[in-house]
Amino acid sequence: MKDSLTVGCTRTILRSVRSFVSDVLFKIGMSDIDVNMLVLAVDEVCSNLIIHSHSCNPERHITLEIWTDDDGIFFDIMDEGKLFNFMNYEEPTLDQLVQDQRKGGMGIILVKRIMDNIEFFREDNRNVIRLHKKFTDKSQAAS
């Protein structure tokens, strides 16, 4: 079974996205630490889509689906915006961030470190970013 949420592309909905993800993850019995890390990763991807792909246009939408299998949990984040494959993103060094006085750019690094696998593909004329985190505790696996 998939839990699903569709929201307009405004920054104000990010609180709803975080709450939705937390609720689903706590429902399947994940620890506070795991929930917080996964919420951070999903929030980063959603906020990048909202800000960079959709320019905070509330008439545009993103859909988030969360589902599990025996191996782990999956987050499908779907939209019809410009596809940005952040797996091709070159991580700046800490020195570069300090030198450039950049306030952003760390979120993508965190997503790549938190998730076990990230995929980008098109399905039904939509972009799909699939985030996958393997279960560390097999009791969380889908029944």
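## Ground rules

Because the model is predicted, local features need pLDDT of at least 70 and side-chain atom pairs count only at pLDDT 80 or more, while totals for chains, interfaces and linings use all residues. Residues are numbered from 1 along each chain as its sequence is written, and side-chain values use heavy atoms, with hydrogens and water left out.

## Helix α1

Let's start with α1, which covers residues 14–27. Helices (H or I, at least four residues) and strands (E, at least two) are DSSP runs, numbered from the N terminus. The expected span of a helix is 1.5 Å times one less than its number of residues. For the 14 residues of α1 that gives 20 Å, and the end C-alpha atoms are 20 Å apart, so the two values agree. Just after the helix, Gly-29 adopts a positive phi of about 90°.

The buried residues of α1 are Leu-14, Val-17, Phe-20, Val-21, Ser-22, Val-24 and Leu-25. Here buried means under 20% relative accessible area, exposed over 50%, and partly exposed in between (1.4 Å probe, protein chains only). Their packing partners are β1 (3–8), α2 (32–53), β2 (61–68) and β3 (72–79).

Ser-22 deserves a look of its own. This α1 residue has 18% relative accessibility and therefore counts as buried. Leaving aside residues up to four places away in sequence, Ser-22 touches Val-35 and Val-39, where contact means heavy atoms within 4.5 Å.

## How α2 meets α4

Two packed helices are described by the angle between their axes and the distance between the axes. For α2 and α4 (residues 107–114), the axes come within 9 Å and cross at roughly 135°. Axes are lines fitted to C-alpha atoms, for helices over the stretch in contact, and angles run from 0 to 180 degrees between N-to-C directions.

The two helices are therefore oblique to each other; angles under 35 degrees count as roughly parallel, over 145 as roughly antiparallel, 65 to 115 as roughly perpendicular and the rest as oblique. Their crossing is left-handed (the near helix is turned anticlockwise from the far one by less than a right angle; clockwise would be right-handed). From α2, the residues in contact include Met-37, Leu-38 and Glu-44, and those from α4 include Ile-108 and Val-111.

## The cysteines

How many disulfides are found in the whole structure? The search finds 0, a disulfide being a pair of cysteine sulfur atoms within 2.5 Å. The sulfur of Cys-9 has its closest cysteine sulfur in Cys-56, 8.2 Å away, which is too far for a bond.

Cys-9 counts as buried because its relative accessibility is 0%. Cys-56, at 27%, counts as partly exposed.
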